[in-house]
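Colleague: I would like to learn how to read a model like this one, feature by feature. Where do we start?

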Amino acid sequence: MIDRILERAKEGKDLSDEEFLELLRIDDDENLDKLFKIAAEIRDKQSKTIKLTSTVHITNKCQIQPRCGYCGFAEETSSKGYYNAFYKSDEEILKAVISITDAHIPRVSCSGGYGYKGKQAINACRIVKENTNLEILVNVGGDLTPKSIDKLAELGADTICCNLETINEEVFKKVKPGDSLAQRIETCERVCEAGINLSSGLLLGIGESPEDRIKHLRFLGTFKTLEEIPIMGFNPYEDTPMANHPAFPLKEQLKIVAITRIMYPTIRITMPTPTVGPENVEYSLKAGANNLATVIADNYPLEVKGVGSPRYGNYTEVVNVIEKLGLIPQTI
Ligand code: SF4
């Protein structure tokens with residue numbers, strides 16, 4: 001049964017939801033290896049180049065109340081996170097993006113909390129585009145007005161990220177009681193209307209079912225400028241309401257990477273190094289990912305606490321892993 005489904009995947013045939021669910025049910029190492037191998041082959045057929053994305057956290061001040069249950073990023077949420085409120089100055093943002101250019105990393109993600117209607121994202125985008133050749137991904141969730149999206153388009157923002165996390169409304173409400181799934185979907189639609197590439201991902205292991213995950217992946221296909229899907233696995237951040245919620249198993253996270261690759265052969269699949277764990281980057285590449293996010297070089301001037309967990313991927317180590325696998329790190 002599994003062999004037949006994988007054969008069809010290899011031939012580029014469209015798989016049914018039931019077939020994808022069957023792949024998610026794989027629990028033996030032999031079939032798992034076959035699944036990952038086919039996903040990696042599909043990626044390699046497109047390109048063996050792996051994108052690297054560094055990060056600038058603009059601010060951890062977030063007006064979402066109550067806080068998302070898993071959040072260790074916003075101020076005073078976790079002793080292992082940033083904890084103290086910050087808002088990076090223009091000089092600090094500039095210094096950070098210059099250091100990213102100096103490290104030959106081609107792309108930066110600029111992200112921040114809610115409450116600014118995109119103003120902080122526009123300012124960061126302007127600094128990046130006026131001073132560097134970096135590609136930029138902007139992520140302030142659904143906190144963007146139509147005007148701010150148009151301004152980002154004008155400035156040449158390459159990608160806007162708005163993660164839906166889950167499209168199971170009940171789970172979303174429970175885990176993100178101060179946020180709105182409808183507003184996030186609307187933001188994704190507006191990004192598409194503005195002609196900007198959309199990144200929108202899944203946060204796995206927050207109470208959604210395997211069926212929800214497949215439904216979510218299909219739903220993302222309705223966004224016409226979708227170019228990137230981050231696959232994040234839940235990790236508990238200390239002191240948060242979900243501190244005792246179990247971490248999402250790596251094996252299951254990798255299965256989602258692989259089936260996303262089968263469903264979307266040409267899409268950019270992003271593995272944020274904090275949520276997979278820097279030591280597991282290799283497995284995510286073997287499962288078909290082609291972008292590693294929160295990659296930090298030694299010359300980086302600011303403190304970084306990853307979103308999803310306080311860790312991050314070190315540039316040199318990440319590049320070594322990519323090359324060891326016979327893949328090509330995209331550098332500038
Ligand atoms: S996860 Fe994002 S939106 Fe939710 S409270 Fe934290 S910073 Fe705000």
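Colleague: Into how many nonpolar, polar and charged residues does the shell around the ligand divide?

Modeller: Keep in mind that this is a predicted model. The shell has seven nonpolar residues, two polar and two charged. Among the residues around the ligand are Cys62, Cys68 and Cys71, along with Arg67 and Asp179.

Colleague: How many helices and strands does the protein have?

Modeller: There are 13 helices and twelve strands. The radius of gyration is 19 Å, close to the 20 Å that the globule rule gives for 332 residues, so the protein is as compact as a globular protein of that length. Its C-alpha trace spans about 55 × 45 × 40 Å along the principal axes.

Colleague: Which residues have the most contacts inside the largest nonpolar core?

Modeller: The general idea comes before the case. In soluble globular proteins, nonpolar side chains tend to be buried together. Here 50% of the 332 residues count as buried, and the largest nonpolar core has 90 residues. Those with the most contacts inside that core are Cys110, Cys125, Val138 and Ile160. Leaving aside residues up to four places away in sequence, Val138 touches Cys110, Ala121, Cys125, Leu152, Ala157, Ile160 and Cys161.

Colleague: Why is strand S3 described as largely enclosed by the rest of the structure?

Modeller: A residue counts as buried if 20 or more other C-beta atoms lie within 10 Å of its own. In S3, residues 135-139, five of the five residues are buried, so the strand is largely enclosed. Both faces are covered, with Glu135, Leu137 and Asn139 on one side and Ile136 and Val138 on the other.

Colleague: In which sense do S2 and S3 pair?

Modeller: Strand S2, residues 107-112, pairs with S3 in the parallel sense, over five bridges. Cys110 has Val138 of S3 as its bridge partner.

Colleague: What is phi at Tyr83 and at His104?

Modeller: Tyr83 has a positive phi of about 65°, and phi of His104 is near 70°. Tyr83 lies in the loop between S1 and H4, whereas His104 is found in the loop between H4 and S2.

Colleague: Are these two buried or partly exposed?

Modeller: Tyr83 is partly exposed, with 16 other C-beta atoms within 10 Å. His104 also counts as partly exposed, with 14 C-beta neighbours inside 10 Å.

Technical notes
Residues numbered from 1 in each chain as written. Predicted model: local features only at pLDDT ≥ 70, side-chain atom pairs only at ≥ 80, totals over all residues. Near = placed C-beta within 6 Å. Nonpolar A, V, L, I, M, F, W, Y, C, P; charged D, E, K, R; others polar. Core = buried A, V, L, I, M, F, W, Y, C linked by C-beta atoms within 7 Å. Buried ≥ 20, exposed ≤ 12 C-beta atoms within 10 Å, placed from the backbone. Contact = placed C-beta atoms within 7 Å. Helix = DSSP H or I, 4+ residues; strand = E, 2+ residues; numbered from the N terminus. Rg over C-alpha atoms; globule rule 2.2 N^0.38 Å. Pairing = 2+ DSSP bridges.
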